[in-house]
Amino acid sequence: MVMAEGSEGARPADADRAPAGTGQRAAGGLGGSAPLLALRGIGKSFGPVQALADINLDIPAGQVTALAGDNGAGKSTLIKCIAGIYQPSGGQLLWNGQPVHIHTPKDATQLGIATVYQDLALCDNLDIVQNMMLGHESVKYGILDEISMELLAKQTLRDLAVSTVRSIRQPVGSLSGGQRQAVAVAKAVMQEARLVIMDEPTAALGVSQTELVLSLITTLAERGHAVLVVSHNLTDVFRVASRIAVLYLGRLAASGPATGFDTQSVVDFMTTGTSSRLGEHRKSALSGGFTSGTEGWTDGN
Amino acid sequence: MATDRGEEHGGQSQDAGAQGGVTVTGDPLGGDTPPTEAAVVSSAPDLLADSLADYTRIWFRRVRSGESGALPVVLGLVAIVVYFQISQPSFLSASNIANLMGQAGFLITLAMAQTFPLLLGEIDLSLGFNMGIGATITVWMVSIAHPFPTWVAILAGVALTGAISAVEGLVIVFLRIPSFVVTLAGLLGLNGVLLWIYEQTGSVGNGGVIQLHNNFINDIVSGNMSPVAGWIALVVVVVLAGVFMITRDQRRRAHNLASPPLSVTLLKLAVMATIGVVLLLVLNHNRAASLLVTLEGVPWVVPVILVLLAIASILLTRTKFGRYMYAVGGNAEAARRAGISLSRIRVLAFAICGVLAGVSGLLYASLLGSISNNVDGGQYVLYSVAGAVIGGVSLFGGRGRIVGAVLGGFIVAVIYNGVILIGLGAAGQYIWTAVVLLAAVTLDAIARRGSSAT
Ligand SMILES: Nc1ncnc2c1ncn2[C@@H]1O[C@H](COP(=O)(O)OP(=O)(O)O)[C@@H](O)[C@H]1O
Ligand SMILES: [Mg+2]
């Protein structure tokens, strides 16, 4: 695992102009312990359509990993493979270094993986507490224990520094987009998720709402959760992510510490799968990743 | 428009976060910010207000922006009552009010029953004939030929209607057929079954009618609580409600949670007590037409309805099942992802609807003193939907309260009673109900447009 980590960290760290020390520090921070979730050679095809091929990615705890990519690159498909909605056609998922099979969304939940989808799946007619506790209500003598649930919800929101709601007894339908996102995340956190996956959390949000969600993401990572954020908003990605992975046409074009990237290189990876802003040997190493680079991975393992 | 509101909130968050950089810090859920329009509009004023004055202000703002709660229903009821009273001064006489309570009993129960499927965005069209079948079984079981104990007969009728609806629920869930279609088949099929039961003559009824010879069932509508018992019951209910509400508020305050101001709670109790006192004063009056007998007290059907209301309210607002009803009706996909079994909730909702239909049938038989194969199930199911919708239960699921259904069912009964009293026949009754129903849904639609436009 250390090797895999090393090689993954090494590529983009090598691949950019940032001081080498930064990359090493990031990789070093993980040194010795397995990432919370590791994807090894994950592929997914829908009939003849190869949506994902040979994805190798480490998602460490306590860090925000951003998954970038153009529309149709396979971002949603990848997180659905992790969340148990799709079965990967090939490859392996390692949870704390142990191979796991996630067949259903319930399997994912039981492992501690919570996914906040773009549609959020909140009940607009229920209030914030009711939504956060949905499916996990506390009950005394058959009657809902509203006070303990409200205290728990309040504490969770406080821990996440969500401070903009006037009353946690207001229906979720009356909240702004960012607040709804916050409620969905808080719900995931409350159910003891260790990995929180968020699909395009800031799409369709205004500037200040985006701010709220980004700070929430940072808080999550600070509290030790692994966070995987799907986004193609590069400003947001650079604001919160300590690691970046870029998908291009179903393949991993690049991945590594965020310090190893700049906006232009990520754009290049997103749009062409390679970046000319890299040194020659790195460019070939990365473009090699599309074809034979996978062998390097297997070797690394 | 939701995003507009969002920007408002966001504006605050950005200000708060401006000093703190990325992380939004500040007093979480701080109560010192003034309530924003959006929050005020959509949440209960109870938990936002700090005083009675504040409560009133928030309440009025809600009404103006379309979230008027029970207000239009109550105003509509008052308007209708005033109109009938002017047209026919005997409308508010003690004997007519007692009469009205009897008629309202089964209509209110039907509206309550229909509320359960409606909260899921489903509908039970077979309710009316299901009610007729349940009543027939019960009345048949206590008829002279079959002296079953009363409670066995009642239980059998209610269990049968509950089972019939549960089967419809199972068909809806497992064959994935819309409830509209399944219960439409139920409406036709159960009408057939009802007729068939009476065709087995010799054993059942006489010319399609079975007389009810059972004092207990008869007395639900025709019997009255003694005046003293009525007063005692009122005091007990108000005191219990007061103790419950005030201790709950105190517990919330002890945990530092928002709770309604004491004045608001007391006001609610006072309103409740006043309605009870007025009703008792009127109904405890001797309303017998002859001097030789006394006829006084609250008909038993009133406490029966109140008990049903209490049980249904607790079920819907204070249990997991009730929470899941609203969740499934509000967003079925979200409920499913939260691990809620949609099938279970749907089947249970239909079963409860059937049980309440059975109770309604019992009240109906008690009102008529008989039951026949002539039960107008098609009409009554429409009244059940009308009652629930007038009371603010949404046809699209997730919205509405059981107390609204009770009020709505009561309005249907008031029209039913008043139109006959002022001498209009069935024609007037249908047209009145139609107008009120339309007015209710129009108000609701305007309210919703109003609130989504803020
Ligand atoms: N259920 C599916 N059946 C067939 N093709 C699919 C399915 N889901 C996704 N795809 C294909 O997989 C590719 C990646 O899609 P997606 O993961 O949604 O991209 P992204 O989320 O990055 O925009 C697209 O070409 C898309 O058409
Ligand atoms: Mg997508």
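Is the crossing of H7(B) and H15(B) right-handed or left-handed? What we have here is a predicted model.

I'll begin with confidence in chain A. Its mean pLDDT is 79, and 81% of its residues reach 70 or more. Confidence is highest in strand S8, residues 143–144, at 95, and lowest in helix H12, residues 293–300, at a mean of 32. Two stretches of chain A stay under 50: residues 1–32 and residues 279–301. Where pLDDT is low, the predicted coordinates should not be read in detail.

Now the two helices in chain B. H7(B) covers residues 150–174 and H15(B) covers residues 342–368; their axes come within 7 Å and cross at roughly 150 degrees. As for the opening question, the crossing is right-handed. Of the residues in this contact, 12 are nonpolar, 7 polar and 1 charged. On the H7(B) side they include B:Ile154, B:Gly162 and B:Val173, and on the H15(B) side B:Arg346, B:Phe350 and B:Leu362 are among them.

Next, aromatic rings. Over all chains there are 9 aromatic pairs. One of them joins B:Phe84 and B:Phe91, tilted, with 5.4 Å centre to centre and 45 degrees between the planes. Both of these residues are buried. They also belong to one aromatic cluster with B:Tyr83 and B:Trp432.

Another pair is B:Tyr364 with B:Tyr380, edge-to-face, at 5.3 Å centre to centre and 70 degrees between the planes. B:Tyr364 lies in helix H15 of chain B and B:Tyr380 in helix H16 of chain B, so this pair ties together parts 16 residues apart in sequence. B:Tyr364 and B:Tyr380 are both buried.

Methods. Residues are numbered from 1 along each chain as its sequence is written. Chains are lettered from A and ligands numbered from 1 in the order in which they are written. This is a predicted model: local features need pLDDT of at least 70, side-chain atom pairs count only at pLDDT 80 or more; totals for chains, interfaces and linings use all residues. Side-chain values use heavy atoms; hydrogens and water are left out. pLDDT is the predictor's confidence in each residue, from 0 to 100. Helices (H or I, at least four residues) and strands (E, at least two) are DSSP runs, numbered from the N terminus. Contact means heavy atoms within 4.5 Å. Axes are lines fitted to C-alpha atoms, for helices over the stretch in contact, and angles run from 0 to 180 degrees between N-to-C directions. A crossing is left-handed if the near helix is turned anticlockwise from the far one by less than a right angle, and right-handed if clockwise. Ala, Val, Leu, Ile, Met, Phe, Trp, Tyr, Cys and Pro count as nonpolar, Asp, Glu, Lys and Arg as charged, and the others, Gly among them, as polar. Rings of Phe, Tyr and Trp (its six-membered ring) pair if their centres lie within 6.5 Å; planes under 30 degrees apart count as stacked, over 60 as edge-to-face and the rest as tilted. Buried means under 20% relative accessible area, exposed over 50%, partly exposed in between (1.4 Å probe, protein chains only).
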